[in-house]
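Hi there,

Here is the structure I promised to pass on to you.

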Amino acid sequence: MNSKSSTGKLIHYYFDYVSPYSYLALKNLQNLLRGSNHKLILKPVFLPNLLKHWKQSSPVANEAKRKWIIKDSYRHSSMNSIPFRFPSTHPFNSIYALRASVPAAVGDKQEELVNILFDSVWNPDSSLVDVTNKTELSSFLKENGFWQSSGSDEKIKQELEENTQEALKLEVFGVPSMVVDNQVFWGCDQLPYVMETLQGKDPLNHEEVKERCRVSLEALKNSS
């Protein structure tokens, strides 16, 4: 994977609209990158397929964790001044919104559309379209110039699947995941590490830390 643009590094951002942390991390990341030379590459992926591959259950599969995620999301949004409300129906089917968000469908308006669709789900002040309603979403996309596809539905579906397979090859196991220099950073709390890595200061590059990490990973490999 190419990790550099002509003027900075590339951040591949793997996300699914169903994830509150995908919304929150993107808002934070966009603010942090403003004015920088780094480039954000948006990569919609279908979270259920990631979970199935790694044999994981849904993050909201049990009631205790679901309650914790809701409260934690509100804490994070409040501390970072991000408009937020948890949808009344969750989890929901995000597949139509994800397909609409790949470049094969939306062209060079991808970032604009991704922000609109995230806001429609999670921002209480900006609910422009029901992302779970295929007919409503399709009408919204066409009326607002976001449906630029000249290819087939199969091509669009294929691009989303390719994103998901690309994520799996990188050992992405959840969303949001940010990949910089082939290093995977998962979750909102990884943003400080992302910013350090973008500046060439990945904490793992410290020789002593790197060696300890290598030994630990080798032990894990030998025990499995």
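Let me start with two helices: α1 and α6 cross in a left-handed way (a crossing is left-handed if the near helix is turned anticlockwise from the far one by less than a right angle, and right-handed if clockwise). Before I go on, please note that this is a predicted model, in which local features need pLDDT of at least 70 and side-chain atom pairs count only at pLDDT 80 or more, while totals for chains, interfaces and linings use all residues. Residues are numbered from 1 along each chain as its sequence is written, and side-chain values use heavy atoms, with hydrogens and water left out. The helices (H or I, at least four residues) and strands (E, at least two) are DSSP runs, numbered from the N terminus.

**Helix α1 and its two partners**

Two packed helices are described by the angle between their axes and the distance between the axes. For α1 (residues 20-33) and α6 (residues 110-122), the angle is about 130° and the axes are 10 Å apart. Axes here are lines fitted to C-alpha atoms, for helices over the stretch in contact, and angles run from 0 to 180 degrees between N-to-C directions. That angle makes α1 oblique to α6 (under 35 degrees counts as roughly parallel, over 145 as roughly antiparallel, 65 to 115 as roughly perpendicular and the rest as oblique). On the α1 side the contact is made by Pro20, Ser22, Tyr23, Leu26, Lys27 and Gln30, and on the α6 side by Glu111, Val114, Asn115, Phe118, Asp119 and Trp122; contact means heavy atoms within 4.5 Å.

The other partner is α9 (residues 191-198), whose axis comes within 11 Å of that of α1, with a crossing at roughly 30°. α1 is therefore roughly parallel to α9. This crossing is right-handed. Ala25, Asn28, Leu29, Leu32 and Leu33 of α1 meet Leu191, Val194, Met195 and Leu198 of α9.

**The sheet**

Strands of a sheet pair through backbone hydrogen bonds, either parallel or antiparallel. In this model, four strands form an open sheet in the order β2-β1-β3-β4, with mixed pairing (two strands pair if DSSP finds at least two bridges between them). β2 and β4 (183-186) are the edge strands, each pairing on one side only. On average, neighbouring strands of this sheet are turned by 25° against each other, direction ignored.

Going through the pairs:

- β1 and β2 (residues 39-44) run parallel and are joined by six bridges, with phenylalanine 15 opposite proline 44 of β2.
- β1 and β3 (residues 177-180) run antiparallel and share three bridges; tyrosine 13 has methionine 178 as its bridge partner in β3.
- β3 and β4 are antiparallel too, over four bridges, and valine 180 stands opposite glutamine 183 in β4.

Strand β1 (residues 10-15) is largely enclosed by the rest of the structure, because six of its six residues are buried (buried means under 20% relative accessible area, exposed over 50% and partly exposed in between, with a 1.4 Å probe and protein chains only). Leu10, His12 and Tyr14 point one way from β1, while Ile11, Tyr13 and Phe15 point the other way.

α6 lies across β1 and β2, at about 60° to β2. α8 (residues 153-169) lies across β1 and β2 as well, running at about 110° to β2. Finally, β1, α1 and β2 make a right-handed β-α-β unit; right-handed here means that, with the strands pointing away from the viewer, the path from the first strand over the helix to the second runs clockwise.

**Three single residues**

Serine 73 lies in α3 (residues 63-79) and is buried, with a relative accessible area of 0%. Leaving aside residues up to four places away in sequence, serine 73 touches Pro20, Tyr21, Leu24, Phe84 and Phe86.

With the sequence neighbours up to four places away not counted, serine 77 touches Leu24, Ile82 and Phe84.

Lysine 210, in α10 (residues 207-223), is partly exposed at 39% relative accessible area. Not counting residues up to four places away in sequence, lysine 210 touches Leu204 and Asn205. The C-alpha atoms of lysine 210 and aspartate 16 are separated by 31 Å, and the two residues are 194 residues apart along the chain.

Enjoy exploring it!

Best wishes
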